[in-house]
Amino acid sequence: MATRIGVDIGGTFTDLIFFDDESRRLVVAKVPTTPDRPEVGVVAAVGSAVPSDVVARTAYFLHGTTVGLNALLERSGALVGLLTTEGFRDALEIRRGDRDEMYNLFWQPPPPLVPRRLRLPVRERVMFSGSVRTPLREQDVRRAAEVFRHEGVSSVAVAFLHAYARPDHELQAEALLRECGFEGDISLSHRISGEYREYERVCTTVIDAYVRGRMTSYLTRLEAELAELGFSGNPLVTRSGSGSMTFGEARERPFETIMSGPVAGAEGAGALARQLDLDSVITADVGGTSFDTCLVLEGRPQVTYEGRIVGLPVQSAWVDVRSIGAGGGSIAHIDVGGLLRVGPQSAGADPGPACYGLGGVEPTVTDAALHLGMFGSGTFASGTELDRDRAEAALRKVAGALELGVGDAARGIMNIASANMANAIREITVERGIDPREMHLFAFGGAGPMMATLLARELEIGSVVIPPHPGNFSALGLLSSDLTQAAARTRIMPLDRGGLAEANRILGELFTDLEARQTGRVASQADRLREVKFDLRYVGQEYTLTIAVTSEGGRVEITSQAILETFTREYERTFSYVMDDAVEIVSVRATLRTPLPNLALTQISTSSGGDRERSLPAYSFSKNRTLTFRVIARATLATGESIEGPAILEEETATTYLDADFRAQVDPSGALFISPSEAPL
Amino acid sequence: MKSIADTVVTRGGVSGPKVHATADPITTEIVRHSLNSAANQMKQALIRTAFSPVIYEVLDFAVAIYDRQLRLLAQAPSLPFFMGTMSFCVEAAIAAVGGEGALDPGDIILFNEPYGTGSHPQDAAIVMPVFLEEQGDETLVGYTTIKAHWLDIGAKDPYATDTVDVFQEGTIFPGVKLYRRGERAEEMYRTVLANSRMPREVEGDIKAEITGVRTGAAALLRTIRRFGLETFETSVEQMFNHGESTVRKYFERLPDGRYVGSGEMDSNGVEDDPVPFEVAVEIDGSTARIDYTQAPSQQRGPINCPLPSTVSASRVAITMLAGGGEAPNEGHMRPIEIITRPGTLFHPVSPAPCFLCGWPAIQAIEVIYGAIAKAMPRTVPACSGGDICGVNFYGARPSGQPWTAGSPHPVGQGGHHLGDGGTMMHISEAATRFPPTEVWESRYPVLMEKVELAPDSCGAGTHRGGLGIDFFFHALEDMQATTTVERTRNAPWGLEGGGEARPNSALLRLPDGSTRPIRKETRLNIPRGATLEYYTGGGGGYGDPNERDPERVHADIREGYLSEAHARKHYPQAFAGGKTP
C-alpha cells in the first residue's frame, strides 16, 4: 500500500484522483484544463484537492498527459532535421501509398513532419543481415549538420535502413553531429524501435524528435512545481503500451507517451479485472465525442505493436484501444439519402449538447437520453441542470424531417448509437476469434453507464460491470499502472534450439538496455519482473502472433516444442485452423515490469443523506414503453445489495440506466454487477 | 442485361418495390451499419490469416455480401477494382453448379473463369451460400464472397503480358464445389493445389478465404436474426433506395449532355501498335450512361476487358465520384448504365486473351473522369500517372526454392480544384500499400537502391500534380520478371489549363552499363548485378500555371520538388521583377 495521486489531463477537464493510504479514502476532483501550460492545471488540482501533509507522504504521482499528442495534433513540435539512407529521403512523404479515405478522390495525406529540404541523404548502406554494403560517408553528415545549423533545426532524427540489424552507422552519425557542434536533441531509429518496416520506424523516430523538446521541458517544469508543493515521491507517466515510466525515462523516450492519456481507462480496467478475477473483459468507455473499446484478457489490456495517431504509424507497444465517433455529444442528422445518422460529428464540450444550454442547437445522444428520462432527475451532482425544452427543440429537427414523433426519434438515436458501439465491439473481438457473449462488459466514462444495458442487450452479454467513479475511471486507472519498460528486436530465425539460443542472446542485450533505462528511484532490482514475448509465424506467412513465453528471469528455459504448442493453441483459437508448417521467430520482445503496491479498492459509502429514493417515468428499451423507474443515489447502496430494474442510479460523475429485466448488485469492491434478471448472479 | 441490336446494356439491380411502412429509417440505418461491419469482420479475418503478402500487405482482394437476389449488401474497403465485379462472380458460380436448388448449407464454391470474374484466373472467387435455419427450415438468404489474388494458378508464366488465348492464362475452375455441406471436397482441393507453382501459399490463402466467408456468414445471420427476415428484407430495400438516391442527387446537379473522353493503351501485349479508344459519358437527368460502343475490336493480346471488368471500372469511377465518400451498395449502382458491344476491347468474347484486363479498366476510369471534366472540371482531378506500374519477380533461390514477389507502385495524382495532387496508389487500388524495402529485402534477393520522389515530374498548374517516384530494383541473384508498365506513350493530361506530367517509364540497366527501355514484358531476364529502374508518372496540373501563387513556387524550389529551371519555364510570374526563391 502506498499513498498515490493520479492526474489525467483531458481536452476539457484535468481529472485528479488520490488514494490516501492512512485514511483509506479515495478522493476525486476536476479542474479546467489549462492548454497553454498544462502543469498549471495539474498543480491547481493537486493544490486544491490534496492536503499538503498528504502530498508530502505521497509515494507515487501518476500522470496521463496529452502534451505529446497535442504537439502532433496542433503541429507545434520542434523543427526537425532527418538523416536518411541515400535514395530514401522521401519515405516519410511517400508513406505506403494508400489512402486513409479510400472513397475520397481528393484525399490528401497530412504534410510530412519534416519538410523535404531538411530530409538529407547520407551515403551508407546496411543489409538485412547486418552486413555493411556501403560504409558511411562522413562528409554527408557534416554537410547535413551545416544545413541544420543554418536552418535552426533543434532536433535531429537519424533513421537508416536496417539500423535495427546493425546500429553502427546511426551511432557514427550521432557522434559526427556532436563533433560538428550540434547541441540539440538527437533521436536514433534503432533506439526507438528494433523492428523492421522503414516508413513506420522513420515516422516513429521523427515523432520522437518532434515532441521531445516540449515533453522534456513540460516534465521538468512539472517536476519542479510538484517539488515545490512538497512532493518527494516517484513521478511516473503512463505509456502508450500500458504501464508507466519515470519522468526521467519519459524525457528519453517521449514517443512512448503519445497515448498516455487515452490508455488510462484500459489500464484501470486491467487492474479491476485482476482484482475481480475476471479473465475476459471488454471495455466500453463512452465519453463526449468518442466510444473507446479495448479487450482486457487475463487482466491485461491487449497490446499491439503498431499504433496509429493522426494518420501516422507509431512502431511501439500500443494498448489496442479502438475508437469510433460515437459519444454523448455525437450529433444526429439526416444524410443526403434520407437516413438518420448519429456521429461522427460531435458537439464536444463547447457548445455541448443542446440540453446544456450553452448554445448547442443540434440534437445529440445526450439530448435523446434526457428526453427519454434516462438521466433520472436530469440534475448532475455538480449542480448542472439539463434543459429538457432545449433537448426537445433540437430533437424536433430530425423528428420532423423523418415524420416521426420526438420520442421515436430519440429512441432511434439511442438505438443507432448503441448498434454502432456494438459493431465496434464485434469487430475487435472477431479479429481474435472471441465471442463477445462470453465476455464481461466494463462500462465507464461519463456516458458508459447510461449505455450499459443497451449494449448488453445488443451483444447478448450476460455480465456488465460499472466500476466505482465511472466518470473518473481513467484517472483511477492511473493509480494502478505498473512501472514498465519494453524493447523489441526483429530477427527472423527458426523456432528451434539454435533459434532459442540466439533469442536468449538478444534478450540478454534487451534486458541490459532496459535496466540501464531505469533512472528513477523506484524499486530495487529484486522487485522487477522480466517478461518475454515472441512474435511467431508459420514460415512463409506474413502475419505474426505475439505469444507470451515463460522465462526464468528473462531467459527462456522451456523447449521450442513447448513454445510451439502454445503458438498452435493460440493460432487455432484465433483462426480456427492450424497448419503443418514450420514456425519461425520474427521478433523478440522484452518487458521489465515493476508492480506498484497493490491498490485494493473497497466500497466506501459516502452517503450525503437526503432522499434515498424517488421515482420518475423513463423509456424502457426492454419493454418498448415508458415505465416508472426508481431513482436511487448509488452511494446509498450497501455492499451486497441488489436492485431490480427499471431503475436509475445517480452519482457524481455518471448516471447508470438499469433497464427492466436487468438486476444490479453491489460488489464488495464497490463495482456494480449487472446481469439479466432471469440469470443467476 | 438486355441486348439492343448488337449492343448490351448493363444496369444495377432495378429499383425495388415501394418499401413496406415498417422499414423505418432507424432500423435501416442499423441494418446498413451492421452489414458494413459484417464485411469488415470478413476482411479482418482474411487479412489476419492470409499467407501471401499480396493479400496481407498489398490488400489485393475484395470481400462482399450479397442478398439472395445477388444484390450487393455491403463490402469492406479493399481493392476498389474488384468491388464492381463480384455480383457477376456469384451469379456465374451459382449457375455453374446448377442454380439455387443445387446449393446446400455449408457449401463453398470456387470460381475463376475470367469471363465470369472479370479478372485473370489468379483472382479466384470463393462463394458461400448463407442459409437461415429456423424451426428446422433452411432458407437461402444470401452469399458471402471473397475474391483474392493467388500467387499462381498455373498460367504459362507466373505473370504474363503476351498470352494469345485465355487457356494460357491459368487453370480454370468454372464453378466447382470446394466444400460440400461443410466437408472439403478432397479431390477438387488436390487438383487446385496440383495446378499451382506455389501450392503452399495458395493453400494458406484458400484457408484464409474459407475463414473469411464463414466469418461473414455468421455476421450476416446475426444481423438477420436480430430483426427477423421480413424486417431485414424491407430495411435492405430501403437501404438500396438510400444509396440510389445519394448517387442520383449527385447527377441531378450535373448538366445533361454527352461527353467523350479518349485514352490509349501502349500496345495489346503481342503487337506493338498503340490501341486508342473512346468512352462516352452521358448525363441524363439523374442517370449516368457509360458508353463503350465505340471501342476497337477485341485484341490478339491480353488487354481485352471482359464485361464484368468493364462494368466494375464504370461503377468504381462513378461511385467514387458520387457516392458521398461511403462504401457503396447495390443501390448506388442503379443510376449507372453501361453500354458495350460484344467482340470489342471492352466486351470481348471468350477465348480472347484477357490476362491484363485490369489495365484497360484503369485507363477507362481516368477516361471517364476526363469526359466528366468536360462537363464540370471542378468535380474531378486531372489525370494521374494512370497506372499501377506493377512488377512481378520470380526465380529460384540457390537452394532451388522457387519464389515470386510482386507489387503495384504509387504514381502522382492529378491536381484538382481543392489543391495540389499527392503521390499515392491509383484510385483503382486506393487502399493498397506497397511493401516496405526492409521487409522486401528480408525475403527476396532484391536490393532496393532508391525509392524517391522525382522532382519536376508533375504537371504545372495553379494546383500542380503530384510527383512520380523513382524505384530502382537491384538484382542480387539471377531472376526474371514480368513488367506491366502502361501509359508510357501518353503524358498524363492537365485540366483547365494545367500542364502535362511525366509519363510512366522503365528501363533495364545491365551490369555492363547498357540500358534498354521496358514496357510490358514477360520473363524479362535480369542477371545478377542488373537494375530494373521504374519511373512512375506524375499527376497532371489543374488550372493555369500562371495563376500559381509565387510563394508556393518558391517553396517548391526550396523543398526540392521543382528545379529552378522547371519553375522558370512554367511559372515565370514567380520570377517577375527579379524575384528569386
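This is a predicted model: local features need pLDDT of at least 70, side-chain atom pairs count only at pLDDT 80 or more; totals for chains, interfaces and linings use all residues.
Chain B comprises 14 helices and 24 strands. Its radius of gyration is 24 Å, close to the 25 Å given by the globule rule for 581 residues, so chain B is as compact as a globular protein of that length. The C-alpha trace of chain B spans about 85 × 60 × 45 Å along its principal axes. Of the 581 residues of chain B, 63% count as buried. Among the contacts in chain B between residues at least 6 apart in sequence, 75% join residues at least 24 apart.

Two domains are assigned within chain B: domain 1 covers residues 26-243, and domain 2 covers residues 381-548. The centres of domain 1 and domain 2 of chain B, taken over C-alpha atoms, are separated by 31 Å. Contact between these domains involves 21 residues of domain 1 of chain B and 19 residues of domain 2 of chain B. On the side of domain 1 of chain B that touches domain 2 of chain B, helix 2 (53-56) and helix 3 (80-83) of chain B each supply at least two residues. By class, this side of domain 1 of chain B has 13 nonpolar, two polar and six charged residues.

Chain B also contains an open sheet of five strands in the order 18-19-24-21-22, with antiparallel pairing. Strand 18 (446-453) and strand 22 (515-518) of chain B are the edge strands, each pairing on one side only. From one strand to the next, the twist averages 15 degrees. Within chain B, strand 19 (residues 469-475) pairs with strand 24 (residues 531-535) in the antiparallel sense over five bridges. B:Phe472 has B:Glu533, in strand 24 of chain B, as its bridge partner. In general, the strands of a sheet pair through backbone hydrogen bonds, in either a parallel or an antiparallel manner.

Between the chains, 55 residues of chain A are in contact with 70 residues of chain B. Helix 4 (91-94), helix 8 (198-228), strand 23 (340-346) and helix 13 (406-430) of chain A each supply at least two residues of the side of chain A that touches chain B. Helix 13 of chain A gives the most to this side, with nine residues. The residues of the side of chain A that touches chain B divide into 25 nonpolar, 14 polar and 16 charged.

Key. Residues are numbered from 1 along each chain as its sequence is written. Chains are lettered from A and ligands numbered from 1 in the order in which they are written. Two residues are in contact if their C-beta atoms, placed from the backbone, lie within 7 Å. Helices (H or I, at least four residues) and strands (E, at least two) are DSSP runs, numbered from the N terminus. Ala, Val, Leu, Ile, Met, Phe, Trp, Tyr, Cys and Pro count as nonpolar, Asp, Glu, Lys and Arg as charged, and the others, Gly among them, as polar. Domain bounds come from an automatic or database domain assignment. Two strands pair if DSSP finds at least two bridges between them. Axes are lines fitted to C-alpha atoms, for helices over the stretch in contact, and angles run from 0 to 180 degrees between N-to-C directions. The radius of gyration is taken over C-alpha atoms; the globule rule is 2.2 Å times the number of residues to the power 0.38. A residue is buried if 20 or more other C-beta atoms lie within 10 Å of its own, exposed if 12 or fewer, and partly exposed in between; C-beta atoms are placed from the backbone.
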